[in-house]
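Subject: Structure for you to look at

Hello,

Here is the structure I promised. Please open it first, then read my notes below.

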Amino acid sequence: MNLDLKREDDGLVLSVPDGGMDPAGATKALDGLSLPDTDGISRLRIEAPENWKWGTGDAAFLAALLQRLPKKDGDPVALEGVPKDLAKLLELARTAPAAKEAPQKPTGLRKHLGLWALGEWAEIRAMLTLIGEVVLRLPRFLTGRAMVRRNEVIDVLAESSVRALAIVGIVNLLMGSILAFVGAVQLKAFGAGLYVADLVGIASVRELAPVMTAIVLAGRTGASFAARIATMQGNEEIDALTTLGVPPEEFLVLPRVVALSLLMPLLYVYACALSLIGGLLVATTMMDLTATAYMVETQGAIKSANFVIGGLKAFVFGAMVALIGCRCGLRAGRSAADVGQATTAAVVNAIVAIIAVDALFAVCANALGV
Amino acid sequence: MAGQDTPRIALKDVDIGYRGKPVQSGISVDIAAGEVFAIVGDSGSGKSTLLKNMVGLLTPLKGSIRFDGKTLTEAGRTNDGGNGPPPFGILFQGGALWSSMTLLENVMMPMEMHSHGDPAGYEMLARFKLALVGLAGHEERYPASLSGGMRKRAALARALALDPAVLFLDEPSAGLDPLSSRRLDELVLSLRDGLGITVVLVTHELESLYSIADRMLFLDGEVHRPTALGPPAELARNADSDKVREFLSRRGISSSPSSSSSQEVHS
């Protein structure tokens, strides 16, 4: 498309083609536009066909053209010969207040790293603050003075225990069975098939039952805590609590942390039982061991220290899953996407934390010789 | 309404903002007991941020906010173990009712958390507050089953649960049809007249503003400070700022028919 642009005194005349401006063609024409050698343009007259039905393409082209024309003495270019409504639209586009600029985002790797580090540090501080808040409010909870609703506590207890029994049971039964399968194949070769009971017993009681139960609860209960609290955040329900003088740490976090910390050791005992039963089933069906021999061997293999370590892990993991779930919910933004992110973060962070703390337990137990 | 020595709410040289960057600066205003006070301004000017600062959800960058001469902490609104009932109730823009509770439980909850009387009395009180806002018979319903207007009314009942001296309303008419909006305005006025509550509202609705607000504060988002304070009708005529007068007069838009006659426009 060629622009029909002519010089006229101190201005220009633009002839609009019959079909109006084709936006794509006009853009190319504008890019290749060579303006007459002048010290500035003061006016632009439009010569249009009689029944010109202008569209937004014409308006966009004229706005872009007016912007490019060199202005005489910096004065605005006067536009003549355009329909009134088109003139109004162009005036609106020119004078509409520009949206405020978003704050400049930092550029460069160092700035990104710095901001990331500051963000992580702030998150660690927030998590430590939350732990502190929960610990400080615990005596009020235990003496029945905390701002919590009985129904809320019962709901959390049910959600974290009765409703979790099936999944915790299945996972641990299968884990015990898998351990027994693996052990049976290897130990049978050395004629030490009976030691499958030792393997399953020690591994389940000390490591697998607390870790697997905690992971199941992280994916189930921790995620549910995060989603629930994040949704409340989006609906301003947390703000409503705060403004009523009800601290969310006390009303929402404390009952969940207490519930999971207390229930996890119980679930751990249940998980141990199911894991041992899984081992027993495989050992008795695959290896011609009697149930009595298996149980006697298990009894001899598991020392009470293993139960103490496993139980302690379960308690700590329970508190961690609840705290991480609640924290991820509390720090969530207010959109639907933020609920999803909070839930994912709760599960991922909890699983990583469980494994890291389990490793710490192993190191400490080794150092203490237990 | 005014005329008492100590204002119900006093903001003195308050700066509000996020991460140290002020959104509005130099806000100083006294709100009298029983007054209906509106916070008005263009989008993004910091109206809701000011409200959040007043109720303690955010902390002012500078200055002080006092209720009956006391800071929020002194007035009982702390988040530590010994906090008492807040001196205000708040109606959030979306209602913010607790979705897992019935309306009755929503209204009873603040009472249960702060009162140490006979729990049997809470239910009667909560039923009365729901009846006040026209929701008698809906006590056992959950927020999700209510219309927007009913949800606002229920949230208003919850805001009144602790018999607050001050009621904060964040865009009470948002999302409501004109009739529901008018009913809510009438309700607010009758609560003010019946209970002597001070009302502070953030609004964009000029109809609401003219019909219920005694005074208004205009927050200008371009200069980042308040540019007008006074009765809306008076400011619509005599405000120093052109923007305030234009804002308060935009009750309808007239359009002229287009024509093909030429007109000059400047670029």
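This is a predicted model: local features need pLDDT of at least 70, side-chain atom pairs count only at pLDDT 80 or more; totals for chains, interfaces and linings use all residues.

Chain A averages a pLDDT of 87, and 94% of its residues score at least 70.

Chain B averages a pLDDT of 84, with 87% of the residues at 70 or above. Two stretches need a careful eye. Over residues 77-81 of chain B, the pLDDT is below 50. That stretch still has 16 contacts in the model beyond near neighbours in sequence. Residues 252-267 of chain B also have a pLDDT below 50. Here the model shows 35 contacts beyond near neighbours in sequence.

Now the sheet in chain B. Which order do its strands take? The order is 2-1-4-5, in an open sheet of four strands with antiparallel pairing. Strand 2 (21-31) and strand 5 (70-71) of chain B are the edge strands, and each pairs on one side only.

Look next at strand 1 (residues 9-18) and strand 4 (residues 62-67) of chain B. They run antiparallel and are joined by five bridges.

Finally, find helix 1 (residues 47-54) of chain B. This helix lies across strand 1, strand 2 and strand 4 of chain B. Its direction is at about 120 degrees to strand 1 of chain B.

Best wishes

Methods: Residues are numbered from 1 along each chain as its sequence is written. Chains are lettered from A and ligands numbered from 1 in the order in which they are written. Side-chain values use heavy atoms; hydrogens and water are left out. Two strands pair if DSSP finds at least two bridges between them. Helices (H or I, at least four residues) and strands (E, at least two) are DSSP runs, numbered from the N terminus. Contact means heavy atoms within 4.5 Å. Axes are lines fitted to C-alpha atoms, for helices over the stretch in contact, and angles run from 0 to 180 degrees between N-to-C directions. pLDDT is the predictor's confidence in each residue, from 0 to 100.
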